[in-house]
Amino acid sequence: MPVTAGWMAWSASRSASADPAMANDPRMTGYLTRALSAEMAAVQQYLTQSSLTAMWQLKEYSSRFRRDAEEELGHAQRLIERMLVLGIPSNGTQLPPIRPGRSLEEMLLIDRELEIEVIRLYEEAANYCARVRAAETQTLFADLLQEELGHLRDLDGMLTGMHQGETS
């Protein structure tokens with residue numbers, strides 16, 4: 001049996017038993033696909049910023065951006081796994097252009113905007129999943145939402161620290 005046929009048969013049997021209504025829900029597919037695109041865009045964004053800050057000799061920030069990229073890649077993997085369970089192809093292809101920033105503060109402000117966008121997406125997706133009783137997918141979105149809120153708090157803390165350093 002070809003690999004794709006095997007995956008399709010597995011995912012069809014899995015989605016039918018796990019969450020039958022979600023297997024063919026176009027809105028659910030849209031949320032998962034948009035989420036995957038957002039996470040892959042974040043990976044690309046943070047890796048670019050990691051390289052740029054390394055070039056600027058800002059090793060601490062370079063390491064931080066690298067860790068952020070790895071965490072976002074973990075989010076992408078969790079989304080892909082959920083998509084596979086539901087029988088949805090993992091096509092996160094709508095990546096926005098990279099906006100690396102011309103200074104560290106500009107990078108953090110850009111990243112803050114991106115985090116706010118994905119937080120809104122995850123709130124909307126989690127609420128939709130709750131309404132249609134897609135418990136497993138709702139839990140995934142709710143967990144990712146909490147992690148992204150943590151990223152936002154970290155970014156806000158770094159920005160506040162930068163501004164406090166200017167006034168000292």
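**Helices, rings and a buried arginine**

Biologist: Where in the chain is confidence lowest, and where is it highest?

Modeller: This is a predicted model, and its confidence is lowest in helix α1 (residues 3–18), with a mean of 49, and highest in α4, at 97. For the chain, the mean pLDDT is 88, and 84% of the residues reach 70 or more.

Biologist: Let's look at helices α2 and α4. What makes α2 roughly antiparallel to α4?

Modeller: The axes of α2 (residues 26–55) and α4 (residues 104–131) cross at roughly 165° and come within 11 Å. Angles over 145 degrees count as roughly antiparallel, so α2 is roughly antiparallel to α4. Their crossing is left-handed.

Biologist: Which kinds of residues make up the contact of α2 with α4?

Modeller: There are 16 nonpolar residues in that contact, along with three polar and seven charged ones.

Biologist: Now the aromatic rings. How many aromatic pairs does the structure hold?

Modeller: It holds three, and we can look at two of them, starting with Tyr46 and Phe65.

Biologist: Why is the pair of Tyr46 and Phe65 called stacked?

Modeller: Two steps get us there. The ring centres of Tyr46 and Phe65 are 6.2 Å apart, and rings pair if their centres lie within 6.5 Å. Their planes are at 20°, and planes under 30 degrees apart count as stacked, so this pair is stacked. The pair also links distant parts of the chain, with Tyr46 in helix α2 and Phe65 in helix α3, 19 residues apart. Both Tyr46 and Phe65 are buried.

Biologist: And why is the pair of Tyr122 and Phe141 called tilted?

Modeller: The centres of the Tyr122 and Phe141 rings are 5.7 Å apart, with the planes at 40°. Under 30 degrees would be stacked and over 60 edge-to-face, with the rest tilted, so the Tyr122 and Phe141 pair is tilted. Tyr122 lies in helix α4 and Phe141 in helix α5 (residues 135–167), so this pair too links distant parts of the chain, 19 residues apart. Tyr122 and Phe141 are both buried.

Biologist: Where is Arg82 placed?

Modeller: Arg82 is in helix α3 (residues 59–86).

Definitions and conventions
Residues numbered from 1 in each chain as written. Predicted model: local features only at pLDDT ≥ 70, side-chain atom pairs only at ≥ 80, totals over all residues. Heavy atoms only, no water. Axes fitted to C-alpha atoms, helices over the stretch in contact; angles between N-to-C directions. Helix = DSSP H or I, 4+ residues; strand = E, 2+ residues; numbered from the N terminus. Parallel < 35°, antiparallel > 145°, perpendicular 65-115°, else oblique. Left-handed = near helix turned anticlockwise from the far one by under 90°. Nonpolar A, V, L, I, M, F, W, Y, C, P; charged D, E, K, R; others polar. Phe/Tyr/Trp six-rings, centres within 6.5 Å; stacked < 30°, edge-to-face > 60°. Buried < 20%, exposed > 50% of the residue type's maximum accessible area, 1.4 Å probe, protein only. pLDDT = per-residue confidence, 0-100.
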